[in-house]
Amino acid sequence: MEKESIKLGLMGFGTVGTGVVRIIQAHQDDLQKQTGLGIEIAKILVQDREKSRTISSLENRLTTEPAELLDDPDIEVIVEVIGGIHPAREYILAALERGKHVVTANKDLMALHGAEILNKAQEKGCDVFYEASVAGGIPILRALVEGFSSDRITKMMGIVNGTTNYILSKMSQEGADYSDVLKEAQALGYAEANPESDVEGFDAARKMAILATLGFRVPMKLEDVDVKGISSVSKEDIAYGKQLGYEIKLLGLAKRDGEAIEVSVQPTMVPKSHPLASVNGVFNAVYVHGEAVGETMFYGPGAGELPTATAVVSDLVTVVKNSKLGVNGRGTVAPYKEKILKDDSQKQSKYFLRIVVADKRGVLAQITQLLADKNISLEQVIQQPYSKGGEAEIIMVTHLAAKSDMDRVIAYMEQMDIVSKIASCYRVEGGDKE
């Protein structure tokens, strides 16, 4: 007799888990018509069964024992939304070992152990989907796997952290200081009490590692991502960037030239004419360039109960459809290409550089000569009086330069008597002539 529904075990009943339950309950008829099967939440793993919850209709299905989900042969799918590395990794591997399919929203886990999990899924013929781990409700991972399956992706560039985008947007719009906007973001719930993961770029780095793994089919690790956060971005940087035609964003970049790859997350000057420059507030956007399709951009809410839960349920629908068709596991592809990382001499970018110098004749000429000697040419230069008497600011945008050359220039400048300090140095991306 053909089964009428598929049973799932939900691990975690917090914000995202609650959203998953709400969507499944509210859309049950639509989901059944799309998949041909009902979706039944059989068990929910929680830490505390007595905790007050906004959904009380499933109290009899709550458990604190993971074995009740993992060892139940009737539960075919595990939806993991508890977060963190441990015990989520152990639960997911155990589920796959038992032949259960997995849907997860866990970016930390997939960034660190994604290759291991995908290899296990391939070995066991199971589905593993994790759309919600990157950019909330934006279906970017499915687009990379399915929409670009016939193309070769050469570049992915995106705003993948809503907290930092909110902070930089407010700084740009209001001319406010970083510290003041951070406090406001914390008060509104956009930033955690300890915001380090967001503002120092680690959250975005995990997401870029996942995007690069899928987009380039290589086993990227978190330590392969060059990371710099936004805590040193000043309102002066933003103001000078605007004067030169740029907005500053915390941008993730994954770029492939031939087979050599670079992945980074850092504050980046983006031309005002580029679509990413107008992505403000807590929204996310990912810009993808394929050799055949050219440029595309995906935009939407990057977090929140229902956007993230929507991505989870979308993955769940795919699992159920695959089950109905008997093709589970066939779309799970572990990274299969050799990872070749660029060295600093191969990483080419334009740079925005702001330095404080002695305000006297010939200083600008010395600076430009130094850059020329190190193979770096200039696209734009402005000089402004500095707040301290006897000093000036030189703000420059270079043409394309190797990161190794720029690092050498900065190290040399720091030793020059005429240079008081290197106030900032940011990558410039998104120009038409890069």
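Which residues line the largest cavity? In this predicted model, the lining is made up of Met110, Gly114, Ala115, Leu118, Tyr130, Ile210 and Thr213. Two elements each give two or more residues to this lining: helix 5 (107-124) and helix 10 (202-216). Helix 5 gives the most, with 4 residues. By class, 5 of the lining residues are nonpolar and 2 are polar.

The search for empty space rests on a simple idea. Rolling a probe the size of a water molecule over the atoms shows where such space is left. The structure holds 1 cavity of 30 Å³ or more. The volume of the largest cavity is about 40 Å³.

The nonpolar cores were examined next. In soluble globular proteins, nonpolar side chains tend to be buried together. The largest nonpolar core here has 82 residues. Within this core, Ile140, Leu144, Ile167, Leu211, Val288 and Phe352 touch the most other members. Helix 10 gives the most to this core, with 9 residues. Helix 10 is also one of the elements that give two or more residues to the lining of the largest cavity.

Leaving aside residues up to four places away in sequence, Leu144 touches Ser149, Ile153, Met156, Leu211, Leu214, Gly215, Arg217 and Val288. Two of these partners, Leu211 and Val288, are themselves listed among the core residues that touch the most other members.

Another core lies apart from the largest one. This core has 33 residues, including Leu8, Ile41, Leu62 and Leu316.

Key: Residues are numbered from 1 along each chain as its sequence is written. This is a predicted model: local features need pLDDT of at least 70, side-chain atom pairs count only at pLDDT 80 or more; totals for chains, interfaces and linings use all residues. Side-chain values use heavy atoms; hydrogens and water are left out. On a 1 Å grid over the protein atoms alone, a cavity is a set of points where a 1.4 Å probe fits but cannot get out, and a pocket is an open set with protein on both sides within 12 Å along at least five of seven lines; lining residues have an atom within 4 Å of a point. Grid points are joined across faces, edges and corners, and a volume is the space filled by probe spheres set on the points. Ala, Val, Leu, Ile, Met, Phe, Trp, Tyr, Cys and Pro count as nonpolar, Asp, Glu, Lys and Arg as charged, and the others, Gly among them, as polar. A nonpolar core is a set of buried Ala, Val, Leu, Ile, Met, Phe, Trp, Tyr and Cys residues joined through side-chain atoms within 4.5 Å. Buried means under 20% relative accessible area, exposed over 50%, partly exposed in between (1.4 Å probe, protein chains only). Contact means heavy atoms within 4.5 Å.
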